[in-house]
Amino acid sequence: GYSGLFPDSSQSAYQFALVNSLPEAVLFCDLQLSSDNVGFCMTGLALDNSTLIAEVFPKNAKTYKVNGEALHGWFSVDFTSNQLTDNVTCE
């Protein structure tokens, strides 16, 4: 989120970092995939930690086993890229 100025992994944070960095700067991105295999940057597996997805799709939470532990929430692999970009914004 560029030192807390913008939501984590948001387009605003990446654009600000690019404009205010050295020309050769490389940005790190936690890549997630939608169900239609479109990649996007989002920290963490569960989308409900940094988006409004729980409000937009309240009945679409699922539980997956991750590293042997049950993880409950909303996950990018359960949504198309259009569902994510048209309906879910960063908090």
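## Basis of the model

Because the model is predicted, local features need pLDDT of at least 70, and side-chain atom pairs count only at pLDDT 80 or more, while totals for chains, interfaces and linings use all residues. Residues are numbered from 1 along each chain as its sequence is written, and side-chain values use heavy atoms, with hydrogens and water left out.

## Overall fold

The protein has three helices and four strands. Their order along the sequence is α-β-β-α-β-β-α. Helices (H or I, at least four residues) and strands (E, at least two) are DSSP runs, numbered from the N terminus. The C-alpha trace spans about 40 × 30 × 25 Å along its principal axes.

## Surface and contacts

The protein has 91 residues, and 24% of them count as buried. Buried means under 20% relative accessible area; exposed means over 50%; partly exposed lies in between (1.4 Å probe, protein chains only). The protein exposes about 6100 Å², with 55% of it supplied by carbon and sulfur atoms. Accessible areas come from the Shrake-Rupley method with a 1.4 Å probe; for residues, only the protein chains shown count as cover.

Contact means heavy atoms within 4.5 Å. Take the contacts between residues at least 6 apart in sequence: 47% of them join residues at least 24 apart.

## The disulfide

A disulfide is a covalent bond between the sulfur atoms of two cysteines. Here the term is applied to a pair of cysteine sulfur atoms within 2.5 Å. The structure holds one. It joins Cys-29 to Cys-41, with an S to S distance of 1.9 Å. The link of Cys-29 and Cys-41 is left-handed, at -120 degrees about the S-S bond.

The pair links distant parts of the chain, twelve residues apart. Cys-29 sits in the loop between helix H1 (11–19) and strand S1 (31–33), and Cys-41 lies in strand S2 (residues 39–41). Cys-29 is partly exposed, at 26% relative accessible area. Cys-41 is also partly exposed, at 24%.

## Ser-76

Ser-76 lies in the loop between strand S4 (69–73) and helix H3 (81–87). Ser-76 counts as buried because its relative accessibility is 4%.

A polar atom of the Ser-76 side chain lies 2.7 Å from the backbone oxygen of Leu-33. Leaving out residues up to four places away in sequence, Ser-76 touches Gln-32, Leu-33, Ser-34, Ser-35, Phe-40, Leu-47 and Leu-84.

Technical notes: A polar contact is a pair of N or O atoms within 3.5 Å; within protein, one must be able to donate a hydrogen and the other to accept it, and residues adjacent in sequence count only if both atoms are side-chain atoms.
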